[in-house]
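Visitor: Please pick one part of this model and go through its packing in detail. I would like the residues, the geometry and the make-up of each contact, and then a brief look at what else can be described elsewhere.

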Amino acid sequence: MASITSSLFLFSSTILFLLLSFPYSDAQTAPPLVTGLSYTFYKSTCPNLESIIKTQLQTAFKTNIGLAAALLRVHFHDCFVQGCDGSVLLDGSASGPSEKSAPPNLTLRKAAFDAINSLRDAIEKACGRVVSCADITALAARDSVALSGGPNYKVPLGRRDGATFATVNDTLKFLPSPTSNVSVLLSALALNNLDVNDLVALSGGHTIGIGHCTSFENRLFPARDSNMDQTFFKNLRLTCPALNTTNTTNLDLRTPNTFDNKYYVDLMNRQGLFTSDQDLYIDSRTKPIVTGFAVNQSLFYEKFAFSMVKMGMLKVLTGTSGQIRANCSAKNPGTVGDAWSVVDLEVGSGGAAAAY
Ligand code: HEM
């Protein structure tokens, strides 16, 4: 009897020890926080931030479900180039063409930029100008995933907005082309310290949204890419009958608007749209990860959330760096080093207050 009691005691104290060692259930599934970011950043300054974003997007997705994919992609394009500083949101100016006009960004949807600006306006109304456009973009991407049926992960906050955008060359360097194979993709991701697991998990973003014929016509002309399923090819040729057509098709043929693991099932059936998708199931470094996600959706959700949080912390501006933009499409008037805005400041009387 005594030995049963002491075994029970030993067992329960071991469980207690394990629970105390890992007090947060998601402690192991989130990457370490970058200095300056926190999960409670706006707790006192904008307590309703997350519900404002979620409610507004919920309404917007009812009339335009494609907006979810568009917002997710904007966050990815923001983070990969120059870090998650909202630079992809900036319109071009007298200082030059913006990131928006670089080739990989030409297919970002205007509706996504408009939605981010309208979220920003609603948030400013509720809380004043305290939340950055980069944070709004990160939260909108998370809600796009969650409201499409995917994981609802926590987003570290406290990013600030940059005042400059990247050059076309940098944009091209950090955003790989859809014609890339795994080796090229891995080298591109390594520039941001992302690895093979991040590559396969983040590519799962292609479980929602659309692509233009020009992004995958390399696989249709002059002949079928031998790694593409025949029927899939025939159907794509109907959508894209010739080179350079402007049509689009769904990225995930099985469940195009649901954030699930069917993208990986597509790849296993040689029905991935881009070379950069299909090669994940050809290359021996990524193939087992694809299979793992195709058979286990929870595993995909967990790894996707982990890699999104990691991606969302790339080269962030925090503390007193950068600014909180008054308009997500333009840097604030009076930003240091901006000769054009200095003129604005002299003309307007209260301009200094707008400079953060
Ligand atoms: C790994 C390298 C990647 C490449 C080469 C790539 C390439 C592309 C291309 C070419 C398109 C379609 C553009 C068009 O023709 O309209 C696209 C769409 C999309 N991508 Fe990626 N992508 C990559 C990674 C990612 C990541 C990491 C995410 C998010 C986590 C993502 C999310 C999306 C979404 C949601 C769409 C659909 C957008 C819409 O419907 O407006 N992609 N991607």
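**Helix α3 and its partners**

Guide: In helix α3, the residues Leu67, Ala70, Leu71 and Val74 meet Ala111, Ala112, Phe113, Ala115 and Ile116 of helix α4. By class, this contact of α3 with α4 consists of nine nonpolar residues, with no polar and no charged ones. The model is a predicted one. Helix α3 covers residues 66-80 and helix α4 covers residues 110-127; their axes are 8 Å apart and the packing angle is about 80°. Angles of 65 to 115 degrees count as roughly perpendicular, and α3 and α4 are therefore roughly perpendicular to each other.

Helix α3 also packs against helix α5, which spans residues 133-147. The angle for this pair is about 135°, with the axes 8 Å apart.

Sorted by class, the contact of α3 with α5 has nine nonpolar, three polar and one charged residues.

Elsewhere, another helix pair can be described in the same terms. Helix α8 (residues 196-203) packs on helix α12 (residues 287-295) at about 40°, with 10 Å between the axes. That makes α8 oblique to α12. The crossing of α8 and α12 is right-handed. Val196, Asn197, Val200 and Ala201 of α8 meet Ile289, Val290 and Phe293 of α12. By class, the residues of this contact are six nonpolar, one polar and no charged.

The ligand is a further place to look. It is surrounded by 26 residues, of which Arg109, His206, Ile210, His212 and Ser215 are the closest. Ser215 has a polar side-chain atom 2.5 Å from an oxygen atom of the ligand. For Arg109, a polar side-chain atom lies 2.7 Å from a ligand oxygen atom. With Ile210, a polar backbone atom is 2.9 Å from an oxygen atom of the ligand.

Methods. Residues numbered from 1 in each chain as written. Predicted model: local features only at pLDDT ≥ 70, side-chain atom pairs only at ≥ 80, totals over all residues. Heavy atoms only, no water. Axes fitted to C-alpha atoms, helices over the stretch in contact; angles between N-to-C directions. Helix = DSSP H or I, 4+ residues; strand = E, 2+ residues; numbered from the N terminus. Parallel < 35°, antiparallel > 145°, perpendicular 65-115°, else oblique. Left-handed = near helix turned anticlockwise from the far one by under 90°. Contact = heavy atoms within 4.5 Å. Nonpolar A, V, L, I, M, F, W, Y, C, P; charged D, E, K, R; others polar. Near = heavy atom within 4 Å. Polar contact = N/O pair within 3.5 Å; in protein donor to acceptor, adjacent residues only side chain to side chain.
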